[in-house]
Amino acid sequence: MSSSAVPDHPAGPDSVVEMQGVDVVRGQTHLLRGVDWTVLPDQRWVVLGPNGAGKTTLLQLAAAHMHPTRGEVRLLGETLGAVDVFELRPRIGLTSAALAQRIEPGERTGDVVVSAGYAVVGRWRERYDIHDLSRAAVLMQQWGVAGIAHRPFGTLSEGERKRAQIARALMPDPELLLLDEPGAGLDLGGREDLVSRLSDLAAYACAPAQVLVTHHVEEIPPGYTHALLLRGGEVVAAGPVDGVLTAEALSETFGLPLALERTDGRFTARRR
Ligand SMILES: Nc1ncnc2c1ncn2[C@@H]1O[C@H](COP(=O)(O)OP(=O)(O)OP(=O)(O)O)[C@@H](O)[C@H]1O
């Protein structure tokens, strides 16, 4: 990656995400219960858990797209409920299947990326200066979609779409990057390409704090520093990868006996 699109946040807040005693309740259901979680600017987190564990709900809170029912959520030094979320959201990059569905299939891929600077999906009447256009060009180069910038988003492969979305999420130079299942739907080559690009991004000292949600330990990019395991809306374990990602903790999280192996920074899991 060239340096011109690498974010630079020398004087960021102490914590990027700070959750204390957070519950999210809908009707009688606890989507999250008693979550305490802190993300610092230089950390790269993976959030793992089975279907319905509350991973997307956690990410929605971290993206300022949802408020907690109880407890406190502080993002980039601001407390949810006491800040204008429309000022906060441009400082946070997010990719998710729900966001991808909002992108018009006919939208030019280059416009999907550059329009993130205005927090809109696709170009309308905004004017982009040379700085916006060159930043978008560098990001599209870095994420391997420069050659397809002219193509309608709807014609891209799943892997190309995922990479274009990450380029878009990085466009406003966010202080926090949230990736909700970026590996979903990718073939083996696409997954390996994504893992390696995310690993490169994780290695940049000036890159934003990163939180990646996945079901699969195989998708954890080398260089990710921390892991949070969720089950039934509750945190099973959270902290540095070496201490948290164990066969025991993973077995408890997914509710079946698992063997976990780590080779060259990559994890694999299988039933014991
Ligand atoms: N508005 C709602 N009312 C009631 N239950 C809800 C609501 N929204 C989500 N849920 C439930 O909360 C739980 C957590 O959902 P969430 O999408 O956060 O889980 P997840 O870990 O991201 O799941 P997946 O891996 O399948 O995407 C699920 O059981 C879901 O059905």
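1. Of the 272 residues of the protein chain, 39% count as buried. The model is a predicted one, and the points below should be read with that in mind. The chain holds 9 helices and 12 strands.

2. On overall dimensions, the radius of gyration of the protein chain is 18 Å, which agrees with the value near 19 Å that a compact globule of 272 residues would have. Along the principal axes, the C-alpha atoms fill a box of roughly 50 × 45 × 35 Å. As for contacts between residues at least 6 apart in sequence, 63% of them join residues at least 24 apart.

3. Strand S1 (residues 17–26) is joined to S2 by 7 bridges, with the two running antiparallel. Within this pair, Val24 has Leu32 of S2 as its bridge partner. S1 also pairs with S4, again in the antiparallel sense, over 5 bridges. Here Val17 stands opposite Leu75 in S4.

4. How many bridges join S4 to S5? There are 2, and these strands too run antiparallel. Arg74 is placed opposite Thr79 in S5. The two strands form a hairpin with 2 residues between them, and Leu76 in the turn has a positive phi of about 50°.

5. Is H1 largely enclosed or largely open? H1 is largely enclosed by the rest of the structure, because 7 of its 8 residues are buried. The buried residues are Lys55, Thr57, Leu58, Leu59, Gln60, Leu61 and Ala62. Just after H1, Ala64 takes a positive phi of about 60°.

6. The ligand is surrounded by 13 residues, of which the closest are Arg26, Asn51, Gly52, Thr56 and Thr57. S2 and H1 are the elements that give two or more residues to this shell. H1 makes the largest contribution, with 3 residues. By residue class, the shell divides into 2 nonpolar, 9 polar and 2 charged.

7. Thr253 is in helix H9 (residues 247–254). Thr253 counts as buried because it has 21 C-beta neighbours inside 10 Å, where 20 or more are required. Leaving aside residues up to four places away in sequence, Thr253 touches Leu48, Gly49, Leu229, Arg231 and Val236. Thr263 is 10 residues away from Thr253 along the chain, and their C-alpha atoms are separated by 22 Å.

How values were computed: Residues numbered from 1 in each chain as written. Predicted model: local features only at pLDDT ≥ 70, side-chain atom pairs only at ≥ 80, totals over all residues. Pairing = 2+ DSSP bridges. Helix = DSSP H or I, 4+ residues; strand = E, 2+ residues; numbered from the N terminus. Near = placed C-beta within 6 Å. Nonpolar A, V, L, I, M, F, W, Y, C, P; charged D, E, K, R; others polar. Rg over C-alpha atoms; globule rule 2.2 N^0.38 Å. Buried ≥ 20, exposed ≤ 12 C-beta atoms within 10 Å, placed from the backbone. Contact = placed C-beta atoms within 7 Å.
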